[in-house]
Amino acid sequence: MRSLPQQVISPAAVQPETEKHDLLLCRDCGKLQAIAPISAKQELRCSQCNSVLHRGVGEWLQVACALAITAAVLFVCSVSLPFITLEVGPQSQTATILDGFWALMERQQWVLAGLVITTVFVFPLFEIFAFLYLLIPYSFNRHLPQQHLILRWLRQVQSWSMLEVFMLSVLVASVKLADMAVLRMEIGFYMFTALVMVLILAWIKMDRSKLWTWIQPHNYFIAHDGEQVYDCRVCHAMVGESLIDRHNACPRCLSVLHKRIPKSLEKSTAFLIAAVLLYIPSNVLPIMTYATLGDVATDTILSGVIELVAAGLWGIALVVFTASIVVPIAKILILAYLILSVKVGMKRGIKHRAWLYRFIEFVGRWSMVDVYVVTMLVALVQFGFVYTVEPEGAIIAFGVVVVLTMIAAESFDPRLLWDALDESSSE
Ligand SMILES: [Zn+2]
Ligand SMILES: [Zn+2]
């Protein structure tokens, strides 16, 4: 059962024009442009803002199917098999990936546990399911129910599935532990490493625009000739202004569609302010407590970095410093600057600001490293009297800061940057 646009918009109102496939609307700046046919491996860039409009992926379907099946097998193995073993003297502790989650649940750290389970288990699992549900039927040209919904959610889940960030945190945690104990990577760890790589490859290989065309071939919907079209952020269909005014939904993927995200600046500002307010305690207060032979000490985000430097682990200190301190601050400052620049209608340096937006969208999730490091340490370092690690309030605050800045960035509509140009040209 496919959902056709006619279910939302009466057929008479819509003129889907498949022959207009050679038109594409830039996701970043909203400029409509004719596109030239490209070869399988070329990429096409926007003439106004230079962001990637379309990227050919070559022969992709069989490879993407194989990667999706491999990812499913690796996922099952890496969550069920032992992941890492820590030995302190005669005692040893083996943990699976999900033990961090269970350890947080036992301590009633619901927010942190929820954050960890969704970003390293639920979303990645959905990602793999979606790959299989879309790619395998596609290769047999068999339509299954709700595929448009799954493909839509896949796009929305993408930045919240954080296996590669978790991978980095395992590295950081193992370096932190190296001088106090013997650390042994188990089979689950190697499966997990392979899974991270396979999933990245699957994303690179999958051609979402081909899948959308397969689910619903029309990508251009207008009610009358010559009207302004807007692009759907999810499926990249182009929809006429009058249709959006009437229905607020994309005729192709049925997601909510607006010419500009409503109250984008207000929402973005509100999330940003909340993030700034929480950022202060998350840096001042301790993120974890560790007890060694009755001695109790606490770590803040910054003291964790300083300890790494003191131990001569410059490389890993730099990684943690960048992910936990530089990235959140840069993100907050850049977003504030972008919001302000739209408010005052700044016309200079739009390309530069559009690049900044793409940059913060890309780097934001890497700040989760410290949250996962604490989770790993809590799960692993439980040797009763000898050595234990417990999470503290600031790590929850910090996790929430990362989430808030990500939502703030998602609420910001980058097309607003380019609207200043239209205003000046229409004056
Ligand atoms: Zn553009
Ligand atoms: Zn759509």
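## Basis of the description

The model is predicted: local features need pLDDT of at least 70, side-chain atom pairs count only at pLDDT 80 or more, and totals for chains, interfaces and linings use all residues. Residues are numbered from 1 along each chain as its sequence is written, and chains are lettered from A and ligands numbered from 1 in the order in which they are written.

## Domains

Domain 1 (19–56 + 217–247) and domain 2 (61–209 + 262–411) make up the division of the protein chain; the bounds come from an automatic or database domain assignment. Their centres, taken over C-alpha atoms, are 33 Å apart.

Domain 1 gives 9 residues to the contact and domain 2 gives 6 residues, where contact requires C-beta atoms, placed from the backbone, to lie within 7 Å. On the side of domain 1 that touches domain 2, there are 4 nonpolar, 4 polar and 1 charged residues. In this classification Ala, Val, Leu, Ile, Met, Phe, Trp, Tyr, Cys and Pro are nonpolar, Asp, Glu, Lys and Arg are charged, and the others, Gly among them, are polar.

## Helices α1 and α6

Helix α1 (residues 61–80) packs against helix α6 (residues 187–205) at an angle of about 155°, and their axes are 8 Å apart. Helices (H or I, at least four residues) and strands (E, at least two) are DSSP runs, numbered from the N terminus. Axes are lines fitted to C-alpha atoms, for helices over the stretch in contact, and angles run from 0 to 180 degrees between N-to-C directions. The two helices are therefore roughly antiparallel; angles over 145 degrees count as such, under 35 as roughly parallel, 65 to 115 as roughly perpendicular and the rest as oblique.

The crossing of α1 and α6 is left-handed, that is, the near helix is turned anticlockwise from the far one by less than a right angle. Residues of α1 in the contact include V63, L67, L74 and F75, and those of α6 include M191, F192, L195 and V198. By class, the contact of α1 with α6 comprises 16 nonpolar, 3 polar and 1 charged residues.

## Helices α9 and α11

Helix α9 (residues 264–284) and helix α11 (residues 314–343) cross at roughly 150°, with axes that come within 11 Å. This angle makes α9 roughly antiparallel to α11. The crossing of α9 and α11 is left-handed.

From α9, the contact takes L265, S268, T269, L272, A275, V276 and Y279; from α11, it takes P328, I332, L335, A336, I339, V342 and K343. The class counts for the contact of α9 with α11 are 11 nonpolar, 2 polar and 1 charged.

## Sheet β7-β6-β8

In the order β7-β6-β8, 3 strands form an open sheet with antiparallel pairing; strands pair if DSSP finds at least two bridges between them.

Strand β6 (residues 84–88) is joined to β8 by 4 bridges, and T85 has R184 in β8 as its bridge partner. Between β6 and β7 there are 5 bridges, with L86 opposite Q93 in β7. β6 and β7 form a hairpin with 2 residues between them, and G89 in the turn has a positive phi of about 55°.

## Sheet β13-β12-β14

Another open sheet has 3 strands in the order β13-β12-β14, with antiparallel pairing. Its edge strands, β13 and β14 (387–391), each pair on one side only. The twist from one strand to the next averages 20°.

Strand β12 (residues 288–292) runs antiparallel to strand β13 (residues 295–299), and 5 bridges join them. Y290 has A297 in β13 as its bridge partner, while A291 stands opposite V296 in β13. β12 and β13 form a hairpin with 2 residues between them, and L293 in the turn has a positive phi of about 45°.

Conventions: Two residues are in contact if their C-beta atoms, placed from the backbone, lie within 7 Å.
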